[in-house]
Amino acid sequence: MSTATNMKPAATKKPGGLTGAAANYIDERTSASTLVKELGRKIFPDHWSFMLGEVALYSFVIILLSGSFLTFFFQASMAEVHYDGSYVPLKGVEMSVAMASSLDISFDVRGGLLMRQVHHWAALLFVASIGLHMLRIYFTGAFRKPRELNWVIGFVLFILAMAEGFTGYSLPDDLLSGNGLRIIDGMVKGIPVVGTWISFLLFGGEFPGTDIVGRLYSLHILLLPAIIVALIAIHLLFVVVHKHTQYPGAGHTNERVVGYPVLPVYAAKAGGFFFIVFGVVMLMASFFTINPIWNYGPYDPSPVSAGTQPDWYIGFADGALRLVPPGLEWVWFGHTWSFNILIPLTVIGIFIVTVLIYPFIEAWITGDKREHHVLDRPRNAPTRTAIGAAGVTFYAGLWAAASSDIIATHFKLTMEGVIHALQVIVILGPFIAFFITKRVCLALQKKDREIVLHGYESGRIVRLPGGEYIEVHQPVDEYERWKLVSYADYQPLELTPNAQGKVSPLQRVRAGLSRWFFEDRIAPVGTKELEESHGDHH
Amino acid sequence: MPRTKKPTNGRARRTGRRSPVASVALIAIGLLFTGGAYAMVSTSTATAQTETASQQTISEGEKLFAANCATCHGLSADGTGTGPSLIGVGAASVDFQVGTGRMPMQANGPQAIVKPVQFTEEQTAALVAYVASLAPGPALPEAEYLDAEGDAAAGAELFRINCAMCHNVAGAGGALTEGKYAPALEGVSPEHIYEAMVTGPQNMPVFNDMNISPEDKRDIITYLKYLDNNPSPGGFALGSLGPVSEGLFLWIFGLGAIVALTVWIAAKSN
């Protein structure tokens, strides 16, 4: 086959007018049609919870757009100036150029305050939607093979989003951001031996120095966004490669995705959805103040305002620091060991790493090597759901602790009472949440089983010719039944000796964990059982 | 300079030349005005003092005190086990505590809470006069410091350094230990702000005139009144509580709206 034989005379007139001609022009030079054909016919299942990741993507686009606007006016310098803008209660006050330019954006640049608020609200929404998206992925088991790596990428994106948020929060160099940086500085200095060195390296000398805003700015607008864009690309590529997961339902199998093709339905919906998200962010930014730097004033190491908190996504770390009991600090070998810093750092570190590698942990415990494209209903994986609930409780406890002072004033409680209650919640709460959630899941599974076998109670009492009263049960329809019975029944792993005929300790641990994972389970209704139940009166 | 040689020039020079009598007359007029103004001010203060300190008002205040305050503060205001001595707390303290409704205290608690004012202005003035008559203490603030016409920028800076750690940078209030709190400052009258600084009610430290001068106090009042009179440039302030209320708003209303919209979009058409 030679290229010459494939060449067609260029003069061939094609139908389709200008659009067709333009499309053909592009296709002949880029071979885009293969891509469009492949992507355009990609099927996406329709469920509201599948759109949470999209929300994150769209907020990121909004952040990029509004952020680019802000870079036109923001000056990342810590040189001292006297503010001379239009906000009266700061007139003549000495501040850094960064703060002064942020104030100018807010008061003297047309549309600047709106863009600042768009940027900040979209940033909060970005991290929040990632969080919610991640919870959806977790509780439906969408992280299982083949999507473990995509979970890891997504979680790294979550961490990077927090880093983006924190660096951005620190840029205006107002009192709030300076206090936030001081806490980070304290945490870094709390690391034994190297902490002080790292802190001096980071701040270019003793805190606060004159370098940090410029450095954070480079990270905020250059390095971190570049990594995030690259990871988002890979993340989405994986979604295309793996195909989208779907909830169990009639005809939904591992081999077949049920939903709408990207073109035209899904693309239209998704495109429209972008504008909806943009609209919501715009409304929030138009009507609600966020980060009023003019109230906080320029950074000065001496004042700390009441109600000084980080943005919500760093709250859990702030909360961890607030919950540590006082006095955990000793001098050993000529170094100060600040366990009041080290304990929260370690606990948070372990928590983050566990979430990061959770798909691999669960795969190892369950020994499940199959591919999964149909999601679990949370109740059908009781132990996983319970672990998730425990994790959420733990996180929520730390998160709430970051606002302990606001909780105390607004619910008329004592600060100490709030702190002690949250200490209990953070330590005992996960266990209670685990137990309750698991029992609720099992109960729901039992209910499902009951419904499949006997149908719904109709409330209609019928007297049979023999005099017997029965309640008529409405049989469940077939589509519904599919949803209720199609889930995998796992067995705990059994201890199997290896080639030497021995059972390794690791195997014992794994079998033990597997037993813990699967010992309480409700088996799905099988065909035989179902047929038998139909013989009943019900 | 030759260019400036104008007829007016010569006239100005002529009128500018004063005779020694004129200087004496000027000094005399100046002294007269200064002295007169001083006399006027001192007589007005004197009359104010005699007014507040009139024996009738004091005895009226004493009766009110015996009926409403003595249970805790003692019949001679020297304190009991349940309430501190009021000898020497001054007029400003009583005006603040009674004028904001904190006293008489409703119930024992971590601190006296603001509630509807219990006494009329005359009754409050009588109580103020009675307690002030017991011993010298911080007096009621001069009106010149309460006009909220000072330097808002200087006041804001003083407020951030001295007040914001308890009251929040925007005066939204904050938590203290053991159920105590620093109240929100929105809508508090200049008199009461000034009196609070001078007397240090509840858990508040005293900011005396050596610490923050009366002019500085005026600047602080100016800043707080600026906040009262100028709503947040960014829209609704969400209580000015900072990132907590922002985060809560985002999760409940922002993300709530988004999730509701996703449900709407993904809903099957009927």
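Arg136(A) is partly exposed, since 18 other C-beta atoms lie within 10 Å (20 or more would count as buried and 12 or fewer as exposed, with C-beta atoms placed from the backbone). This residue sits in helix α6 of chain A; helices here are DSSP runs of H or I with at least four residues, strands are runs of E with at least two, and both are numbered from the N terminus. Beyond its neighbours within four places in sequence, Arg136(A) is in contact with Ser49(A) and Leu52(A), a contact being a pair of C-beta atoms, placed from the backbone, within 7 Å. Phe50(A) is 86 residues away from Arg136(A) in sequence, yet the two C-alpha atoms are 8.2 Å apart.

The model is predicted, so local features need pLDDT of at least 70 and side-chain atom pairs count only at pLDDT 80 or more, while totals for chains, interfaces and linings use all residues. Residues are numbered from 1 along each chain as its sequence is written, with chains lettered from A and ligands numbered from 1 in the order in which they are written.

Chain A, seen as a whole, contains 21 helices and eight strands. Its C-alpha trace spans about 95 × 80 × 65 Å along the principal axes, and 38% of its 538 residues count as buried. Among contacts in chain A with a separation of 6 or more, 72% join residues 24 or more positions apart.

Not counting residues up to four places away in sequence, Val281(A) touches Ser59(A), Ile62(A), Val118(A), Trp121(A), Ala122(A) and Leu125(A).

Two helix pairs can be followed next. Helices α7 (residues 148–170) and α10 (residues 212–242) of chain A pack at about 160°, with axes 9 Å apart; axes are lines fitted to C-alpha atoms over the stretch in contact, and angles run from 0 to 180 degrees between N-to-C directions. The pair α7(A) and α10(A) is therefore roughly antiparallel, the term for angles over 145 degrees. Between the chains, α11 (residues 262–287) of chain A packs against α11 (residues 243–266) of chain B at about 155°, with axes 10 Å apart. That makes α11(A) and α11(B) roughly antiparallel as well. Residues of α11(A) in this contact include Phe273(A), Ile276(A) and Val280(A), and those of α11(B) include Ala257(B) and Leu261(B).

In chain B, nine of the ten residues of α9(B) are buried, so this helix is largely enclosed by the rest of the structure. Among the buried residues are His192(B), Tyr194(B) and Glu195(B), and their cover includes α5 (90–99) and α10 of chain B. Just after α9(B), Gly200(B) takes a positive phi of about 60°. Helix α10 (residues 214–229) of chain B has buried residues of its own, including Asp216(B), Ile220(B) and Tyr223(B), and α7 (152–162) and α9 (190–199) of chain B are among the elements covering them.

Conventions:
Contact = placed C-beta atoms within 7 Å. Parallel < 35°, antiparallel > 145°, perpendicular 65-115°, else oblique.
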